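Biologist: I would like to learn how to read a model like this one. Can we go through it feature by feature?

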Amino acid sequence: MAYASTTTCAKSTENNETDKCFALCFIDLDRFKLINDSLGHGTGDAVLVEVARRLRGVYRSEDTLARLASDEFVLLLEDATEATAAANVATRVLDALLPPVVVDGREIDVGASLGLAFYPADGADIESLLNNADAAMYAAKAAGRNTFRFYDEAMNRHAIQRLALESDLRRALGRNQLELFYQPQIRTIDNGLAGVEALMRWRHPERGLISPVEFIPVAEELGIISELGRWALQKASRQIVAWRQQGLPVPRVAVNLSPRQFDAPNLADRIEEIITAAGADKSWLELEITESTAMQQPERFIQILRQLRQRGLQVAMDDFGTGHSSLAMLCAMPLSVLKLDRSFVEQLPDSETDVAVAGAVVSLARQLRPAVVAEGVETLAQQRCLASLGCDMLQGYLYSRPLPAAEFETWVRNRLAERSST
């Protein structure tokens, strides 16, 4: 595990003796709220007890462990004068939390994000030291979770920006700052419009257009991603109804489902209610779930997938090829579409490996019956290669970037005019 800090205790200018120095390790369990929400607070409490037991087995007799609140712990490391020593303890904490916690026969994965700050270099009082260790912990979460980071001033500035972003995002939906952009998917057989993918964007009043790469993880952390997901499905359903009423030939709209939405009870009923309330036909909508999400709970995914398909809903597996799904699991999944991840498209047609992967996905789909959409198509060479392999649909900047609804409508009309004139 990489770390860059070489923090040591500062020397006293008055007595030339080393001041007492220690490190504070802020420990925050990853996605603990999801455990409470989905499995109940009794299970959550049992997880906390086991986590505390494991942490007690990590720290030394001279160190101090305390639980601050909920899923937050702090570990005070006495006489930790260098980053290496603190990093070694942090690594042991992560290793201790690696095995699943077993509660009532159920295995529950528990990870943590750790932030490290040194006294007095990173804070001369307990409040500033805790705040800075907390900022370092958020930097660890931003780095992908289940890791640790040391504090520095840049982290503190980032934490302040993050708090502002969280506050603004909580209000964005009510202030009509969110909107859907639409990116076309093109049939390879006749170059016609097969559908569109709806992609969420945030028009911040000061920062302008914010990418979902930046704000979706924040929404997941805040627990509001399900609310945003419901809004997106409602908006997309109403939009395709409006397009149909205008005579605009948009076959279907694909909408992404977040992992949090997928965990909601009665998911199929809720989705059906939203689409029906908008006056849309269920065949006009397609739901996208990432392969990595599906593989977290494959049996549950198959169960919900069957419920969705029974209601006439189409389901696509997004980012296919990155989540390590097994052939046996794929055979059991009644999918409508496999979306070939853009990482396998970027090097086409020059990479023999990627050509082989894309060809294998298409061949697999032929046997299992889903259509194949290739994402991230940007060049004619990629287009020709994927078409020759038998890919059904293509999506990417070669055809169009994601567009606001009004611009997408213009794009469709212009494309219809061009095709009718040839």
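Modeller: Pro-120 sits in the loop between β6 (112-119) and α4 (126-142). Helices (H or I, at least four residues) and strands (E, at least two) are DSSP runs, numbered from the N terminus. This is a predicted model: local features need pLDDT of at least 70, side-chain atom pairs count only at pLDDT 80 or more, and totals for chains, interfaces and linings use all residues. Residues are numbered from 1 along each chain as its sequence is written, and side-chain values use heavy atoms, with hydrogens and water left out.

Biologist: What kind of peptide bond joins Tyr-119 and Pro-120?

Modeller: Start with the general idea. Most residues other than glycine have a negative phi, and most peptide bonds are trans. Tyr-119 and Pro-120 are joined by a cis bond, with omega about 5°. Pro-349 lies in the loop between β14 (337-340) and α13 (352-368).

Biologist: Which residue has phi near 50°, and where does Ser-70 lie?

Modeller: Ser-70 has that positive phi, and Ser-70 is not a glycine. Its place is the loop between β2 (64-69) and β3 (72-78). Ser-70 is partly exposed because its relative accessibility is 41%. Asn-191 has a positive phi too, near 65°. Asn-191 belongs to the loop between β8 (178-187) and β9. With a relative accessible area of 32%, Asn-191 is partly exposed.

**Then the interior**

Biologist: How many residues does the largest nonpolar core have?

Modeller: First the rule. A nonpolar core is a set of buried Ala, Val, Leu, Ile, Met, Phe, Trp, Tyr and Cys residues joined through side-chain atoms within 4.5 Å. Here the largest one has 80 residues, and Val-253, Leu-285, Leu-386 and Phe-408 have the most contacts inside it. Helix α7 (residues 225-245) gives the most to this core, 9 residues. A second, separate core has 36 residues, among them Val-58, Ala-80, Val-101 and Ile-108.

Biologist: Which residues is Phe-408 in contact with, leaving aside neighbours within four places in sequence?

Modeller: Contact means heavy atoms within 4.5 Å. By that rule, and with those neighbours left aside, Phe-408 touches Tyr-182, Pro-184, Leu-193, Val-196, Trp-243, Val-250 and Leu-403. Phe-408 also forms one aromatic cluster with Tyr-182, Trp-243 and Trp-411.

Biologist: How many aromatic pairs does the structure hold?

Modeller: Rings of Phe, Tyr and Trp (its six-membered ring) pair if their centres lie within 6.5 Å; planes under 30 degrees apart count as stacked, over 60 as edge-to-face and the rest as tilted. The structure holds 8 such pairs. Take Phe-148 and Phe-150: ring centres 6.0 Å apart, planes at 90°, so edge-to-face. Phe-148 is buried at 1% relative accessibility, and Phe-150 is buried at 8%. Trp-202 and Phe-215 are edge-to-face as well, at 5.8 Å centre to centre and 85° between the planes. This pair links distant parts of the chain, 13 residues apart: Trp-202 is in strand β9 (residues 193-204) and Phe-215 in helix α6 (residues 212-222). Both Trp-202 and Phe-215 are buried.

Biologist: What does the secondary structure of the whole chain come to?

Modeller: The chain has 15 helices and 17 strands. Of its 422 residues, 49% are buried.

Technical notes
Buried < 20%, exposed > 50% of the residue type's maximum accessible area, 1.4 Å probe, protein only.
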